[in-house]
Amino acid sequence: MSGLTWALGTFHTTVIGIALLLLVYPGGSLGTTLGALSTITGLALFVALWTTTLFCTGRAIRGVRLLGGDRASTGAFYRRALRWGAVNGVLFAIALVAILAANALAVAEPSVGIGTMLAIAGFQGTFGSLFGLAIGAVAGLVLATLDLAALRLARSLASAG
Amino acid sequence: MDHQQAALAIRYVHVAAMATVFGGAFLVTWIAWRGPADRIADIAIRYEQLFWGAAGVLVMTGVGNLGALGPALPAPGSAWGATFLTKLLVVALLVAISLPRSLAVIDLAGGARPARRALRTIYGVTTGALAVVVALALQLAHG
């Protein structure tokens with residue numbers, strides 16, 4: 001993995017994490033929401049988000065020259081951000097449903113049917129993916145705007161050296 | 001591992017990651033002022049790799065710390081809540097200034113000319129922002 005993918009992908013993950021905290025905490029329900037998740041489930045969800053975001057960021061910037069001369073056009077960068085943001089949204093939605101289903105299976109009573117739980121997870125995964133696709137595409141465009149602003153600032157800093 | 005042990009382990013990793021980014025930023029700032037000019041770009045690149053790994057771990061374990069408090073998490077209207085929101089905003093600012101810093105370092109590392117002046121400034125600002133985050137974290141833990 002290149003240093004650029006590592007920096008941009010982790011930047012995207014931390015921005016999503018901090019933005020969610022800033023949105024949910026003022027409402028007062030953050031403690032109850034997080035308290036309902038087990039520690040392992042919470043960590044697994046964050047690792048899943050980090051992994052899918054690194055993968056999609058790497059694919060989005062592959063072959064694109066962001067630093068130095070002959071830089072990619074802004075339009076091409078936004079198109080890739082839209083596409084791979086949507087893919088990231090779908091991948092994370094699938095991971096979210098899979099992790100929550102695994103957690104539910106681990107703590108379920110023996111009388112609960114595994115087939116029923118898997119059918120519900122499949123249903124949630126299908127609809128969750130559609131939401132993930134839309135939210136991921138929008139998030140991709142927002143994050144691409146932040147990336148381009150950071151790249152402009154970085155060039156100013158480098159040239160001031 | 002029970003709930004308390006898990007919470008302690010998460011807090012330990014959180015503090016260790018913060019010590020890594022804060023100590024590292026202080027060290028790189030010092031090297032940018034006093035260290036060998038030909039080594040600074042390599043050291044800065046290594047720090048950036050470490051910084052983003054630690055940043056991800058800090059957000060992950062930070063959420064874990066909040067989860068450990070569960071419903072006992074203080075309300076946003078409390079003094080603790082105001083300090084926590086301030087810390088979140090400072091962390092957001094730190095992350096926002098860190099991406100251009102990392103990209104500038106990657107760009108500078110590819111060039112031949114030394115860039116000590118720019119590195120002194122950007123790592124000085126990073127160290128200052130991290131010091132504010134540490135002060136706010138101390139207030140949340142012990143205030």
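Predicted model: local features only at pLDDT ≥ 70, side-chain atom pairs only at ≥ 80, totals over all residues.
We begin with chain A, whose secondary structure comes to five helices and zero strands, so that the pattern read along its sequence is α-α-α-α-α. The C-alpha trace of chain A spans about 65 × 30 × 25 Å along its principal axes, and of the 161 residues in this chain, 34% are buried. If one takes the contacts in chain A between residues at least 6 apart in sequence, 84% of them join residues that are at least 24 apart.

Chain B can be described in the same terms. There are four helices and zero strands in chain B, and from the N terminus on its elements run α-α-α-α. Along the principal axes, the C-alpha trace of chain B spans about 55 × 35 × 20 Å, while 39% of the 143 residues in chain B count as buried. Among the contacts in chain B between residues at least 6 apart in sequence, 83% join residues at least 24 apart.

How do the helices of chain B lie against one another? Two packed helices are described by the angle between their axes and the distance between the axes. For α1(B) and α4(B), the axes come within 8 Å and cross at roughly 150°. Angles over 145 degrees count as roughly antiparallel, and α1(B) and α4(B) are therefore roughly antiparallel to each other. The crossing of these two helices is left-handed. On the side of α1(B), the contact is made by M18(B), V21(B), F22(B), A25(B), F26(B), V28(B), T29(B), A32(B) and W33(B), and on the side of α4(B) by residues including L119(B), Y123(B), L130(B) and V134(B). Sorted by class, the contact of α1(B) with α4(B) has twelve nonpolar, four polar and two charged residues.

A second pair is formed by α3(B) and α4(B), which pack at an angle of about 160° with their axes 9 Å apart. With such an angle, α3(B) and α4(B) are therefore roughly antiparallel to each other, and α3(B) passes α4(B) in a left-handed crossing. The residues of the contact between α3(B) and α4(B) divide into 18 nonpolar, five polar and two charged.

By class, the residues of the contact of α2(B) with α3(B) divide into nine nonpolar, two polar and one charged.

Two single residues, one in each chain, can close the tour. V24(A) lies in helix α1 of chain A, which covers residues 3-24. Is V24(A) buried or partly exposed? A residue counts as buried if 20 or more other C-beta atoms lie within 10 Å of its own, and as exposed if there are 12 or fewer; V24(A), with 14 other C-beta atoms within 10 Å, is therefore partly exposed. Leaving aside residues up to four places away in sequence, V24(A) touches S29(A), L30(A) and T33(A).

In chain B, V125(B) lies in helix α4. Because V125(B) has 16 other C-beta atoms within 10 Å, this residue too is partly exposed. V125(B) and A25(B) are 100 residues apart in sequence, yet 9.4 Å apart in space from C-alpha to C-alpha.

Terms used
Residues numbered from 1 in each chain as written. Chains lettered and ligands numbered in written order. Contact = placed C-beta atoms within 7 Å. Axes fitted to C-alpha atoms, helices over the stretch in contact; angles between N-to-C directions. Parallel < 35°, antiparallel > 145°, perpendicular 65-115°, else oblique. Left-handed = near helix turned anticlockwise from the far one by under 90°. Nonpolar A, V, L, I, M, F, W, Y, C, P; charged D, E, K, R; others polar.
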